[in-house]
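This report walks through a structural model chain by chain and then turns to some details of its backbone. Please keep the sequence and the structure in view while reading.

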Amino acid sequence: MTRRWLSTLVFLASAPVFAQNAPRDNSWTAPRLPDGHPDLQGIWTNKTITPLERPAALGNKAFFTEEEVRAFTKTALDRGNKDQRGGGVRDVLNAYNAFWWDSGTKVLPNMRTSIVVDPPDGRIPPLTPQRQAQLQEEALAVKVRCQRPGCAIANSGQLSPADKPEELDLMTRCISFGTVVPMLPSAYNNDYQIVQGPGVVAIDTEMVHEVRRIPTDGSAHLPANVREWIGDPRGHWEGDTLVVDSTNFTGKTRRGMDQNLHLIERFTRVGPDTLLYQFTVDDPTAYTKSWSGEIPMSKTDGLLYEYACHEGNIGMRDIIVAAQADEKKAAEQAAGKK
Amino acid sequence: MRHWFGTALLALGSSICCTTFAALGQVPASHPPDLTGVWQALNTANWDLQTHAAEPGPDSKVGAIGAVAPGPGVVEGGEIPYLPAAAAQRKQNYKDRWTADPEIKCYMPGVPRATYMPYPFQIIQGSDTIMISYEFADAVRLIYMNNPGPAPADSWMGWSIGRWEGNTLVVDVTSQNDQTWFDRAGDFHSDALHVVERYTPMDANILMYEATIEDPKVFSRPWKISMPLYRHIEKNAQLMEFKCIPFSEDVLYGKGGASQ
Amino acid sequence: MIAMKRVAFAIACVGLAMGAAPAWAHHSFAAEFDANKPIKLHGVVTKMDWINPHSWIHIDVKGDDGKVVNWMIECGSPNTMFRHGLTKDSLPVGTEINVDGYLAKDGENKANGRDVTLADGRKLFLGSSNPDADK
């Protein structure tokens, strides 16, 4: 994979984020479609061991050296190896053997120490006081609720209600996996297929078969009172970069971001096997500052496969049945005591 | 050059992209039509593929709103040719339709039902893949114009291999599981289902859709449905998000008790 | 010089950072299986459901009393396997497997396939996977 574009990206590291179109390796140009725009089509993956946020110990160190990459990779893979058995809840949460997981074995080819590139410390800015208060209130309500039976340990490692579908998390319900807006990697199935037609670019996120249909015909956003789980995207071309502007979010899909999320994404084909993905989270009621991330996505030879989640969600039924059984048992015990 | 091509330019207000393979360095084929757009069927096939009268719906509290709309059928020859044992199953499905129809559970509808559900779908015609994004349940399928080989396993929306025959997009759909129905009346199939679809532009804004259905475990012979598909030409035409999982959870998991 | 311990700790915590999606199982196995009830099973495959969000291997397990009980073992997403070239025919009926996992909380004959091996001790499917598959 060519890294000749890397040097220009390094130069831009300290520049205002995405103030201009992404640089390209001048010896390669993207093939063009009949409408004159670059061809972004294909199946792209964002899997990587590069963390979303820079580890605090690295401070303002934005890039790894080759030597550091080797050490970092070894530690990450050793640490993340699911075939290591411990016991208890942690072992249950690790679920199954390592080969079922597919979250990447390499750092990003841009050698960055985090996906977040702005603020310069590579960490997501603090939440606003009102957003923090909202989330704390929700957390407190859960804590109070879980003093009663019917709760179970969630993905967060914390107790959370498990006796009703609407109380379970969006992943368990198969509604959203947090991999769509923005396009962030997850445990496996980190694949996205882009298909371009005249006036529209469609991105199919494998998990969970969510399609963003991005008009590039200049049409306006939906009315402000209409909210969608993955928002309303509108695209336009700035030179060879597809710029996507998304609003009208419900605020329910990613912890932290709220309904005022304004997501700006940029897609640039910088090499035959590389699609540069850049995003900015502009959400002033949730975050004290906007923040941005960058992922050079890699082309894969494989296909996108159907991820029909809700249709096969046997486990969720089992979770609810178990939680309701706990409640019943506790009620019987309480009644027995009286 | 066919007359519809000129009207298409007017109707769409932008150049019709004849999808060629020149950009990919391959020998240009004859120019197939571009089917990109928002489309919808305009019939009651999703209630019942065969001609049917109006009927009460499942919930008298919502009266006429939930009623079964009448409509002429879309089956060529009129009747679906069930094998005797399968005909009995269809009768049972019809009796159970207000609980057993997978549409109730917000399950992806499979092919061809996705085409004639009463919601729009969007065709995005790319270079070697045609994506069809359906509004209902976020259903989607990818039609491979370069055959990648067989499906690794069954799926809800099947495995679609496409090719052009002149101006007709022909799609061969296999490897669907046996969990979907063809309509709300209980018409069904097995995992041996094989569907061949044909999408033929009649003019800039109408496609003629035909689907031949073959399933030797359920039907005594192949049979065919056909219907026009109409382009949404209004300026703000678009699919909107129809994530119906929350609407189906009471039914699936029970209010206060997880049912089967 | 990177402080390796702190980097490792930070990696482990990355899934809990504000705004990040948890990096592990996409639904809570800890709510479905009992961490206090580890279980080992040996059985013969009767079928496999290659479905999402989790595939399920059905096995016949012979008890000490000679009775055969069918168990369901919850495994990972089949899409990962498809990318390695596996298909629905890759686990033949009759294959002997060992399951080391945790018992379902709801009292059913279900367990998660925390560690699944073949009769000869090899990890299930590992022989068919391509560790260099990612780019």
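Helices, of at least four residues, and strands, of at least two, are DSSP runs numbered from the N terminus. With that convention, the elements of chain C, read from the N terminus on, follow the order α-α-β-β-β-α-β-β-β, which comes to three helices and six strands. The model is a predicted one, and every value below is computed from it.

**Chains B and C**

In chain B there are five helices and nine strands, and their order from the N terminus on is α-β-α-α-α-β-β-β-β-β-β-β-β-α.

How many strands make up the closed barrel of chain B? The barrel has nine strands, which run E1-E2-E3-E4-E5-E6-E7-E8-E9 with mixed pairing, and the twist from one strand to the next averages 30°. Within chain B, strand E8 (residues 206–214) and strand E9 (residues 223–231) run antiparallel and are joined by eight bridges, and B:Leu207 stands opposite B:Leu229 in E9(B).

**Where chain A meets chain C**

On the chain A side, 70 residues are in contact with 57 residues of chain C. The elements of chain A that give two or more residues to this side are helix H2 (66–80), helix H3 (88–93), strand E3 (151–153) and helix H5 (314–337), and H5(A) supplies the largest share, seven residues. By residue type, the side of chain A that touches chain C divides into 38 nonpolar, 21 polar and eleven charged residues.

**Two helices of chain A**

Helix H5(A) has 24 residues, which at 1.5 Å a residue should span 34 Å, and its end C-alpha atoms are 35 Å apart, which agrees. Its buried residues are A:Gly315, A:Met316, A:Asp318, A:Ile319, A:Ile320, A:Val321, A:Ala322, A:Ala323 and A:Gln324. These buried residues pack against elements of three chains, namely E3 of chain A, helix H5 (245–253) of chain B, and, in chain C, helix H2 (29–32) with strands E3 (68–74), E4 (96–104) and E5 (110–112).

Helix H4 (residues 129–145) of chain A has 17 residues and reaches 24 Å from its first C-alpha to its last, close to the 24 Å expected. Is H4(A) largely in the open or largely buried? Of its 17 residues the number buried is one, so H4(A) lies largely in the open.

**Backbone details in loops**

A cis peptide bond, with omega about 0°, joins A:Val181 and A:Pro182, and A:Pro182 has its place in the loop between strand E4 (159–161) and strand E5 (191–197) of chain A. The peptide bond from A:Met207 to A:Val208 is also cis, with omega near 25°, and A:Val208 is found in the loop between strand E6 (200–205) and strand E7 (210–215) of chain A.

A:Asn248, in the loop between strand E9 (241–247) and strand E10 (262–271) of chain A, has a positive phi near 60° although it is a residue other than glycine. B:Ser175, in the loop between strand E6 (168–174) and strand E7 (194–203) of chain B, is likewise not a glycine and has a positive phi of about 55°.

Why is A:Asn248 counted as buried? A residue is buried if 20 or more other C-beta atoms lie within 10 Å of its own, and A:Asn248 is buried because it has 20 such atoms. B:Ser175, with 19 other C-beta atoms within 10 Å, is therefore partly exposed.

Methods
Residues are numbered from 1 along each chain as its sequence is written. Chains are lettered from A and ligands numbered from 1 in the order in which they are written. This is a predicted model: local features need pLDDT of at least 70, side-chain atom pairs count only at pLDDT 80 or more; totals for chains, interfaces and linings use all residues. Two residues are in contact if their C-beta atoms, placed from the backbone, lie within 7 Å. Ala, Val, Leu, Ile, Met, Phe, Trp, Tyr, Cys and Pro count as nonpolar, Asp, Glu, Lys and Arg as charged, and the others, Gly among them, as polar. The expected span of a helix is 1.5 Å times one less than its number of residues. A residue is buried if 20 or more other C-beta atoms lie within 10 Å of its own, exposed if 12 or fewer, and partly exposed in between; C-beta atoms are placed from the backbone. Two strands pair if DSSP finds at least two bridges between them. Axes are lines fitted to C-alpha atoms, for helices over the stretch in contact, and angles run from 0 to 180 degrees between N-to-C directions.
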